[in-house]
Amino acid sequence: LSKLDRHEQALVILSQRDPRKAVEYCHEHYNPENPAASEVFFLLLKIYLNDSEPKIKEAIDLLNNNFYRIDPIRAVALLPDSLPLNLVSSYLVNVMHNACVRRYDAELERSLARAESTRAMERLLRVKENFVRVDESTRCKVCSAEIGNAPFEWYPDNSVEHSRCRQRRAVGTGGTGTDRHLLYSGNFV
């Protein structure tokens with residue numbers, strides 16, 4: 001039945017025979033990316049509570065152990081009105097804590113993204129404030145030849161060199177050809 005996404009029928013059979021097997025089934029088939037498989041825990045809760053003799057203990061255990069896999073609004077709507085609040089208090093605390101943690105995590109991610117964006121803008125502004133004029137008379141700091149239309153590297157001291165000169169220099173010194181202080185690498189346009 002599980003291969004046909006007929007989880008509810010499979011869970012009805014398993015919950016009548018052995019509630020532990022029904023929970024195991026949920027753990028095996030739960031998949032938040034699949035609409036049918038994301039509902040298996042909720043389906044089992046519904047089966048427990050809509051039974052001719054509701055399985056309250058099993059339902060509470062399912063809620064407490066899988067609170068993050070079951071939509072709390074739908075779960076609370078299924079609970080019988082006569083159910084004492086103290087039986088679901090642990091579940092409700094877990095749901096509230098989980099919601100707070102998710103909100104905090106989202107705010108933290110948003111703040112980190114904002115800070116990174118600010119740092120990137122500051123770097124961009126610093127680079128835009130600095131410029132170097134490259135024309136026919138601009139010479140490479142390594143070989144003293146004109147830069148012309150060749151690819152070049154630009155450094156914070158406003159010196160420039162041909163990309164090939166930097167690569168040769170790096171190979172000659174056993175380096176990688178990278179420079180931490182490089183501001184720009186590209187062609188003159």
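Trainee: What should I keep in mind about the model, and how many helices and strands does the protein chain have?
Mentor: The model is predicted, so local features need pLDDT of at least 70 and side-chain atom pairs count only at pLDDT 80 or more, while totals for chains, interfaces and linings use all residues. Residues are numbered from 1 along each chain as its sequence is written, and side-chain values use heavy atoms, without hydrogens and water. Helices (H or I, at least four residues) and strands (E, at least two) are DSSP runs numbered from the N terminus. From the N terminus the order is α-α-α-α-α-α-β-β-α-β, giving seven helices and three strands.

Trainee: What share of the 189 residues is buried?
Mentor: Buried means under 20% relative accessible area, exposed means over 50%, and partly exposed lies in between (1.4 Å probe, protein chains only). By that rule, the buried share of the protein chain is 28%.

Trainee: Why is H3 described as largely enclosed, and what covers its buried residues?
Mentor: Nine of the eleven residues of H3 are buried, so the rest of the structure largely encloses this helix. Among them are Phe 41, Phe 42, Ile 47 and Tyr 48. Counting contacts as heavy atoms within 4.5 Å, the cover includes H1, H2, H4 and H5.

Trainee: Which exposed residues sit on the face of H4 turned away from its buried side?
Mentor: Ala 59, Ile 60, Leu 62 and Leu 63 are buried in H4. They cover an arc of only 160 degrees around the axis, which puts them on the same side of H4; the arc is taken from the directions from the helix axis to the C-beta atoms. These buried residues pack against H2, H3, helix H5 (72–78) and H6. The face turned away carries Lys 57 and Asn 65.

Trainee: How far apart in sequence are the parts tied together by Glu 39 and Arg 74?
Mentor: A salt bridge is a side-chain nitrogen of Lys or Arg within 4 Å of a carboxyl oxygen of Asp or Glu, and the closest N and O atoms of Glu 39 and Arg 74 are 2.9 Å apart. Glu 39 lies in the loop between H2 and H3 and Arg 74 in helix H5, so the parts tied together are separated by 35 residues.

Trainee: Are Glu 153 and Arg 166 buried or exposed?
Mentor: Nice one to look up! Glu 153 is in strand E1 (residues 152–154) and Arg 166 in helix H7 (residues 163–172), and they form a salt bridge with the closest N and O atoms 3.4 Å apart. Both residues are buried.

Trainee: Which residues form a salt-bridge network with Glu 116?
Mentor: Glu 116 forms a salt bridge with Arg 119 at 2.9 Å between the closest N and O atoms. Being three residues apart in helix H6, the two are separated by about one helical turn. The network links Glu 116 with Arg 119 and Arg 123.
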